[in-house]
Amino acid sequence: MPVTARGAAQVLLPAPSVTKKLVALPGTCCGCNICEMVCSLTHTGSVNPYQARVKVTMVREEGHIEPIICQHCNPAPCEISCPTKALFFAANLPGVVLLDNSKCIKCYRCVQACPFGAIQVSPRGEILKCDLCGGDPACVQLCQERPEFKPEGWTGGKVSTLQFLEPHQVTLLKRMLRIAQPKDHQPPAHEFGANL
Amino acid sequence: MYGDILRIDLTTEKVTREPIPREIIRKYVGGEGINDWLLWEHFSRVDPRIDPLSEGNVLILGLGPLGGTCFGQGSKMKFTFKGVTYNMFGDSVAGGAFGAKMRWAGHDYVVITGRAKRPSYIFISNDAVELRDASRLKGKATKATHQAIREEIGDEEVDTACIGPAGENGVTFASITTSGWRSAARTGGGAVMGSKNLKAIAVRGTKGIPVHDPRAFFQASKDMFDRLSGLPITEAWKREGTLMAIETYNQVGSNPWRNSQGIVLPADALAKLQGSVYRSLFKVRPLACSPGCSTACSAYHRVQGHETPLAKKYIGPGDKPEYLTVASFGAMCDIRDYAAMNHYYTWTSDLAADFLELGNICGFLMELWDRGLITARDMQEWTGEPITMEWGNAEAVDKVIESIAFQRNRLGEIFKGGVYKGAQKLEQIKGMPLLKYVTYAKGGSVINEELRPFPTWMTNMAVSSRGCCHLKAVTLVDKTGRQDVSQALLGNPGAGIRFTPDMKGALSAITECVTAAYNCLGVCILVAVFDPINLPPGTHIPGYTSLTGIPLTAQELYLAGQRAYNLEKAFNSRLGYTRKDDKVCERWMKEPLADPGPTPKGMKAEDYLEHTLTEYYQWHGWDPQTGLQTREGLEKLEMKEVADLLEREGALARVALRR
């Protein structure tokens, strides 16, 4: 079948949702732990960071705060290392590595294999693996907006630490952030006490 | 859902757990409300007139139902006890992750009574409670204590609430520091903890908080996020937090320039102390002070050493100072250097002493020096060092703070009890009247803001249940003339008309109940109290009901706040406090501002306080003559047992309420 102009355009367009990447913008996380809490809320029905698939690492003295998130690598070291195929690529969500808890033998090879330390273990020893909430990550939805980091001209929605974006948007946002992060910015003309 | 109440008796080393009675949840909701109820319960068995530093005092830790969750309003825990600084009801609020971890361990409230035989710390690991030896932590500052306890337990996720040198040395305005950096200051919680031989409480919580309806709670949280993002004020909070108040207060005339002698900062001082200086020179990243905060008004900074003249002295990391830090040291003491502000904020939470009281003491000493009432010889005699208390001398302020926190010398001893008692002692030593140079109320420091032109704030200072404090009823209606907010809260724009006494007492009373209502939920009041139109307590209810499964209406939540505040008031009434004690210092009462700046000439508290107080008692349903509660009012709030106890002790108004 000959390729039409319309078809060609479709080839260039990214496929919906599944090609999106869950990323954390460096230097913007304020350590509110909401991503951990909302992750446990949606996965276990309780608010408990120890049951979260995302983990915020914090070294306060050095000002280091960073959410550790699953990158859904492809090929995925965790999937390769799993001896029972408890970790597998989802059929309906290409590129997403899921965990079948019933097959897991708690050997923790995936924990060792993950280059990011993104596979978490609950206090009871269960493996906690990000499943991207089926394509609309809850942690991104509740990651707080940081207007002070929003670069001029950015049209890709709210700027927060956790982003679920097309890969090219991620690079664009990071590039814009680097340009638009002046250390010395003028005080904003804000609303506080405006009606004096 | 709710956790339980954990009771620890340090004398007998007995630990019990019990669920929160359902009736108490209905009446007081949680947070401040249940803390107050626990305090009331304790002091219905113990004489409330005891010395707050005696074994009979109680230390209650509590976090309300929405704290430690992803609701987006942070987790502000409360410490409640009989206060030391003002010798009346005392409570103290702090961020940090301690409260959230306490809830994740399954304990919403921890009630600590008795006194440990030796220096100890409590370690709570989910259900297990252990009393550990703390002798090797003695004298350690709070960050070092926090780290040492984490190392001893071997878990980097253990969180602590601990005291520093000030609390151990019995400084009456010592604070408790959570997570090694957030202070629960004012009213002397650290001194209470020190008197119990309790260095710290450590907690590890891995159980989490069960949610009644997770889907609905997620939606409620998301709605709250959207609501917050839509507020015009949110962006400013995120950029600067409370530091933006320096410029705003210069416009309205509320900065305490040179020990409250002036009202606005001069332009050159403002240029060095405004929030944008912090943002441009020091701020590295935003920081949320407690888990679950979607505003994150705090920040992390690093002083490199080249930013300001004093920076080379204070190199290192730290946390963003708040407005009142800058007011206490920048305005009160005229130190025009931001590196010093950063230093005082971090250092006072490390020593665990209230920086408002410290800033007030330093400002007071500087004014005395300026007027020639204390000399180099006095300072030499009291400290053993040649200290000159000129305006802006940061080194001298360092020395004064050190003297007090470590109780090193005579100066430290003089001010151990705070600025008011210190000034009284100085009067005796010097044989001359000095109290007129102090801003105080009820025997302790005021918050370091200029309040003479603002009748609502002045009323708050005079009546606040925990001494002289703004956090019981924060509102900007008065300072910024928000007639719309006044209309929404009182049905009358009057409180928004600036510099008049009309409706200001009413606003005080209503705001106290509204603020207490937020506090009953365990959330941060910062964004909400400044915008009660867009964030009334009712907006938190979907989160509460989906989390707990307990129905609640906005009216019931308001009533819970009102009950909580009435319990605090009743506690003070039992100690004999009446209308005659609801007053402020001589400087605020009698001395009009020399340079009123943007405010009308000649405003002083004497002119309006009697009027606003009467209005305040009436709006609370209390007796305006004595300021005491009435049986009718308390019974309307279903607090008959409180009325009974007050009547037995003669602390109930004898007259029937007239409407």
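Start by selecting helices α23 (residues 504-520) and α28 (residues 609-620) of chain B: their axes come within 7 Å and cross at roughly 40 degrees, so α23(B) and α28(B) are oblique to each other. Here, angles under 35 degrees count as roughly parallel, over 145 as roughly antiparallel, 65 to 115 as roughly perpendicular and the rest as oblique. Axes are lines fitted to C-alpha atoms, for helices over the stretch in contact, with angles running from 0 to 180 degrees between N-to-C directions. Helices (H or I, at least four residues) and strands (E, at least two) are DSSP runs, numbered from the N terminus.

A quick note on what's on your screen: this is a predicted model, where local features need pLDDT of at least 70 and side-chain atom pairs count only at pLDDT 80 or more, while totals for chains, interfaces and linings use all residues. Residues are numbered from 1 along each chain, chains are lettered from A, and side-chain values use heavy atoms, leaving out hydrogens and water.

Now show the side chains in contact (heavy atoms within 4.5 Å): among them are B:A509 and B:C513 of α23(B), and B:Y616 and B:W619 of α28(B). The residues of this contact divide into 6 nonpolar, 4 polar and 3 charged. Ala, Val, Leu, Ile, Met, Phe, Trp, Tyr, Cys and Pro count as nonpolar, Asp, Glu, Lys and Arg as charged, and the others, Gly among them, as polar.

Next, pick α26 (residues 554-574) and α30 (residues 640-648) of chain B, whose axes come within 10 Å and cross at roughly 10 degrees. That makes α26(B) and α30(B) roughly parallel, and the crossing is left-handed. Look for B:L567, B:A570, B:S573 and B:R574 meeting B:V642, B:L645 and B:L646.

Now color by chain. You'll find 58 residues of chain B in contact with 47 residues of chain A. The buried area is about 4400 Å², with carbon and sulfur atoms giving 61% (accessible area, 1.4 Å probe, that two parts lose on being put together, summed over both).

Last stop: zoom in on A:K55 and B:E157, whose side chains meet in a salt bridge (3.2 Å, N to O). A:K55 sits in strand β3 (residues 55-59) of chain A, and B:E157 in the loop between α4 (142-153) and β9 (159-162) of chain B. The rule (a side-chain nitrogen of Lys or Arg within 4 Å of a carboxyl oxygen of Asp or Glu) finds 2 salt bridges across this interface.

Technical notes: Left-handed = near helix turned anticlockwise from the far one by under 90°.
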